[in-house]
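Here are my notes on the model, point by point. Please read them with the structure open.

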Amino acid sequence: MDETSFIVIFIRCFLVIFSMATLSKLNLKIKAMHCKSCGTLIEEALQEINVKAEANHETGIVNVEFDEKQVQLKKIEEVIEKLGYKAE
């Protein structure tokens, strides 16, 4: 491996590690999420703003994973509230 290839590989690895460091994972309690359709609606709306979401209507919890550099928690809460739910 020549020096240039090594540098390119090193930079790519660094960028992958660096980008992973900004991911946040949170569990949000959602008021009024009573059925699976409610959860799906929330998941799809959050995916539109690049937030990975997994909703459980039985517990009323939405697990979210997002890049803090791209999306702030306030934006996630706003999207949920526009759907008629309350995130805590």
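Where is the place of Asn-50?

1. Asn-50 sits in the loop between H2 and E2. Helices (H or I, at least four residues) and strands (E, at least two) are DSSP runs, numbered from the N terminus. Asn-50 is not a glycine, yet has a positive phi of about 65°. Asn-50 is exposed, with a relative accessible area of 56%. Buried means under 20% relative accessible area, exposed over 50%, and partly exposed in between (1.4 Å probe, protein chains only).

2. On provenance: this is a predicted model, in which local features need pLDDT of at least 70, side-chain atom pairs count only at pLDDT 80 or more, and totals for chains, interfaces and linings use all residues. Residues are numbered from 1 along each chain as its sequence is written, and side-chain values use heavy atoms, with hydrogens and water left out.

3. Ala-32 also deserves a look. Its phi is near 75°, a positive value in a residue other than glycine. Ala-32 lies in the loop between E1 and H2. At 39% relative accessibility, Ala-32 counts as partly exposed.

4. Next, helix H2. H2 covers residues 36–47, and its twelve residues should span 16 Å at 1.5 Å a residue. The expected span is 1.5 Å times one less than the number of residues. The end C-alpha atoms of H2 are 16 Å apart, which agrees.

5. Which residues of H2 are buried? They are Cys-38, Gly-39, Ile-42, Glu-43, Ala-45 and Leu-46. Seen down the axis of H2, these buried residues fall within an arc of 165°, so they line one face of the helix. The arc is that of the directions from the helix axis to the C-beta atoms. An α-helix has 3.6 residues a turn, so residues three or four places apart point the same way. Exposed Lys-36 and Ser-37 are on the face of H2 turned away from its buried side.

6. What covers the buried residues of H2? The cover includes strands E1 (23–31), E2 (52–56) and E3 (61–67), and helix H3 (73–82).

7. The helix pair H2 and H3 packs at an angle of about 135°, with axes 10 Å apart. Axes are lines fitted to C-alpha atoms, for helices over the stretch in contact, and angles run from 0 to 180 degrees between N-to-C directions. H2 and H3 are therefore oblique to each other. Angles under 35 degrees count as roughly parallel, over 145 as roughly antiparallel, 65 to 115 as roughly perpendicular and the rest as oblique. From H2, Ile-42, Ala-45 and Leu-46 make the contact; from H3, Ile-76, Val-79 and Ile-80 do. Contact means heavy atoms within 4.5 Å.

8. Leu-73 belongs to helix H3. Leu-73 is partly exposed, at a relative accessible area of 32%. Not counting residues up to four places away in sequence, Leu-73 touches Leu-26, Leu-28 and Phe-66. Leu-73 and Leu-26 are 47 residues apart in sequence and 9.4 Å apart in space, C-alpha to C-alpha.

9. Ser-24 is in E1 and is buried, with a relative accessible area of 12%. Leaving aside neighbours within four places in sequence, Ser-24 is in contact with Val-64, Glu-65, Phe-66 and Glu-68. Lys-29 is in E1 and is partly exposed, with a relative accessible area of 38%. Not counting residues up to four places away in sequence, Lys-29 touches Thr-59, Gly-60, Ile-61, Lys-86, Ala-87 and Glu-88.
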